[in-house]
Amino acid sequence: METAEIARRFLAFFEKNGHTVVPSASLVAEDPTLLLVNAGMVPFKPYFLGQRTPPYTRATSVQKCVRTIDIDEVGKTSRHASFFQMLGNFSFGDYFKEGAIPFAWELLTSSVADGGFGFDPDRMWVTVYLDDDEAETIWREKVGLPADRIQRRGKADNFWSMGVPGPCGPCSEIYFDRGPAYGAEGGPVADENRYLEVWNLVFMQFERGEGSGKEDYPILGELPSKNIDTGMGLERMAAILQGVDNIYETDTLGRILRRAAELTGVAYGDNERSDVSLRVVADHVRTATMLVADGVKPGNEKRGYVLRRILRRSIRNLRLLSGDESFHMHDLTAVAIDAMGDQYPELRADADKIHSVIDAEEKNFADTLRAGTALFNRAAERTRRSGSTEFSGADAFQLHDTYGFPIDLTLEMAAEQGLKVDEETFHQLMQRQREAAKRDAKAKKLGNADISVYARLLETGGPTDFLGYTESEGEARVLGVIVNGEATGVARKGDKVELVLDRTPFYAESGGQLADKGTIAVDGRGVVDVEDVQKPIKGLFVHRGTVRDGEVVVDDTVHAAIDTDRRASVSRSHSATHLIHSALRNALGPSAGQAGSENQPGRLRFDFTSNKPLDAAEIAHVEEEVNEVLARNIEVQYMETTLDKALQMGALAMFGEKYGERVRVVDMTDYSRELCGGTHVGATGQLGLVKVLGESSVGAGVRRVEALVGLDALRRVSTESALVGQLSEQLKAPREELPQRIDAMVARLRAAEKEIERLRAAQVLQVAGELAANAREIGGVRVVTHRTADGTTADDMRKLALDVRGRLGESAPAVVVVAGVPADRPVVVVAANKEAQHSGLKAGELVGVAARVLGGGGGGRPDIAQGGGSDAAAVETALQAVEQRVAQS
RNA sequence: GGGGCCAUAGCUCAGCUGGCAGAGCGCCGGUUUUGCAUACCGGAGGUCAGGGGUUCGACUCCCCUUGGCUCCA
């Protein structure tokens, strides 16, 4: 049975039994305590925790999950995968054990023809928690399972909690006996490899208290409303139903694995090591594809880093397999998209974007490896030169930590060169880094933002009603007053406060549009200046500001009014953003998708995906097209509809963005149509003018254009126009000829500078012959001292000294001292020939003698040295000092 | 969130404890006339990311800014 069919049957079975089918949530969890969704129940957590009321009492889903804790186990065992899908059915205060157990049994054991999975009842085993007699009774009496196939297990295996105070309870797990070939008799307690866990039923029965660890907490009592949460691993089920030994050989992962084998020329089953690599590649390519599809981009932190690690591990394993450095990710990603596309059609729709992200990372990693290889070779050479055969752990760590060069590659390359690696030191350094990061995270107490105070407000007061599409002010009731993260109920003059209202004209920052500013006033009692508005959780508007006067208390009736000038200006920016988006797509094709934006008053930023920079002509074209649309004065229309309908109408949605069921479409007739919750102008003519400032890079594959809108655009244009006018006047050239004129000037200037340089050098060197001819003899050393004309540069002095030294030859020791004052400080240069150096006259030392006289210091090599000081009057004395020094030797 | 590193010619990078800014490839010119990057000779090309500081002197040391790479959480 194919994976997609298993999922379909599961959902159909529970739908038939009164469950609402809930589509898989994005892997990017809404829950700020989680990086990625790692279990089937995550999207339902607020319901289980009582933070929100579920819109249904029975639900079922197939949830995408990513788990990276045992990423190192992937490929080595038959079950670990970084990406998997959880089938589950959920009950919120509806049925409990007496419902969940028979449902599971029926679906597993009813025949394939009847829509079930067709398991042989005689090969099924279950476990229940130590004292859960209730569950055992249901299994025996309602299901009819023999008592000898029901086993009891302790808290570690069969008791569930979320690790925090809240619901907890016993579990019952269902196992399938794969037969004697897979291990010992005796049920799951004896051998979990032979008896494979297929389904875990969690009974949320009790409330637990504060406590550390998995088993160390008190049970406070029974929950008033009991819930069911079950989980069946789709991949594992597929392996069983497809009669294969491990999940990598199922229909979906198997396709990627076979293609990887083909591409690298390695046969699966050849040897354990390459098999592990092939399984890692299959797993990781799929995980990466799913993550990218949900909008994750490779990066250096958080989810981006998880993705980067997964991608780099697969690329690394591909290189191990093929033994060369060819690129295979594109091909494999295509297979993954195809293999998963039946279940997740959006993969096919977004294939281009997924490819471009993964291909870019593959190239990026190839660069990292190339640079790292060069660094490794240098370090290895250093090691060998020092006579050691051990590559230091510090070097290995630096390669890894600073340059991203994988340790396994270091080990391998070191072995090739006959070097050992000090792995112990390496691991110590890794450990130290981990501890430092943890210590820091703890000290900052960050990472897990506390949103419970907002969740409670949303729970009691419901979502905020947004009036701002039509109103700029209105009456509202205060539902929450938060100071310093706590619901205090009151805020007084000077307090930084967060206010939650039942309805508001304030737009909260989202979709790139900045929040409104304005005031919230309590009649005759107080005023709050609103500086920012955010939605910390979906649907809840939080107004942040300062109490300017008086006080504000929960339940107050207030008058909320936004700064309408600011709003109008931000709206103009937002409308302009849509126009620029359309113009870019017209110019570059549909691959120029939006990757982020920011709409400030009078100014906007638009990020889009593109592999190459826009040239000046393309920018000009986009700008012109946008301004033409302004002149057409297109009316902006809005409609509210379902997500599906909007997409059918061709509205642009943002890649990787999450949308609710009801969406708002902003429409500028034939020119632009986008899903957007932001505010806009009434007609495009109100924008006045859009001036693109330029284009730049944000990161790999993402470009940014920035533009000014309205009066800000006009001001920019007019100041630049004035600037050009001024230049034209200064250069006495018509505007159009300015670039050529400047080019010509720069070229002439350069030529002139070179000519001056040449002439000056010639002039300086003119005296060289004469100086050499007049060299004096001091104690067997030929000595030339010379003071250059003021203004002679240090560089020219050096040239002169070297020239004169050359003319003096090597027949006898020779020392040349040149000093002068290039600007306001004296400089001295000393050159000594080989003979002089042999007899102990080193330029570096001689220059020191002169420089000290000048009130400074100096140094250099034995053959040529340079120094200087601050006393310009002492130049002659300095020259004499060197002569004396020579005479003494 | 906490670290490490990098920015030098069109590209890839060297440049040691401060003292002459370099190589390979590419480009231009010449000779050679070609077995898969033909060889040889010559040449052009630089605000050493930007700003400040220390110093007689900074590509080099220190600080700041900008951009990039990378590890850990």
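In what order do the three strands of the open sheet formed by β24, β25 and β26 stand, and is their pairing parallel or antiparallel? The points below take up this question first and then turn to other parts of the model, which is a predicted one.

1. **The three-strand sheet.** The order is β24-β25-β26, the sheet is open, and the pairing is antiparallel. Its edges are formed by β24 (637-642) and β26 (672-675), each of which pairs on one side only. Between neighbouring strands of this sheet the turn is 25° on average, with direction ignored.

2. **The pairing of β25 with β26.** Strand β25, residues 662-668, is joined to β26 by four bridges in the antiparallel sense.

3. **The six-strand sheet.** A further open sheet contains six strands in the order β29-β30-β31-β32-β34-β33, and here the pairing is mixed. The edge positions belong to β29 (776-778) and β33 (857-860), each pairing on one side only. From one strand to the next, the twist averages 20°.

4. Strand β30 (residues 781-787) and strand β31 (residues 814-820) are paired over six bridges in the parallel sense. Within this pair, V784 has V816 in β31 as its bridge partner.

5. **The hairpin of β33 and β34.** Three residues lie between β33 and β34, and the two strands form a hairpin. Their pairing is antiparallel and runs over four bridges. One point of reference is G858, which stands opposite G867 in β34.

6. **Burial of helix α7.** The buried residues of α7 are T252, L253, G254, I256, L257, A260, A261 and T264. Their cover includes four other helices, namely α1 (3-16), α8 (272-293), α9 (302-322) and α10 (329-340).

7. **Overall form of the chain.** Chain A contains 26 helices and 34 strands. Its radius of gyration is 38 Å, whereas the globule rule gives 29 Å for 889 residues; the value is well over the rule, and chain A is therefore more spread out than a compact globule. Along the principal axes, the C-alpha trace of chain A spans about 120 × 75 × 50 Å.

8. **Contacts, burial and surface.** Among contacts in chain A between residues at least 6 apart in sequence, 67% join residues that are at least 24 apart. Of the 889 residues, 49% count as buried. The accessible surface of chain A amounts to about 41,500 Å², and carbon and sulfur atoms account for 49% of that area.

How values were computed
Residues numbered from 1 in each chain as written. Chains lettered and ligands numbered in written order. Predicted model: local features only at pLDDT ≥ 70, side-chain atom pairs only at ≥ 80, totals over all residues. Heavy atoms only, no water. Buried < 20%, exposed > 50% of the residue type's maximum accessible area, 1.4 Å probe, protein only. Contact = heavy atoms within 4.5 Å. Pairing = 2+ DSSP bridges. Axes fitted to C-alpha atoms, helices over the stretch in contact; angles between N-to-C directions. Rg over C-alpha atoms; globule rule 2.2 N^0.38 Å. Areas by Shrake-Rupley, 256 points an atom, 1.4 Å probe, with all protein chains shown as cover.
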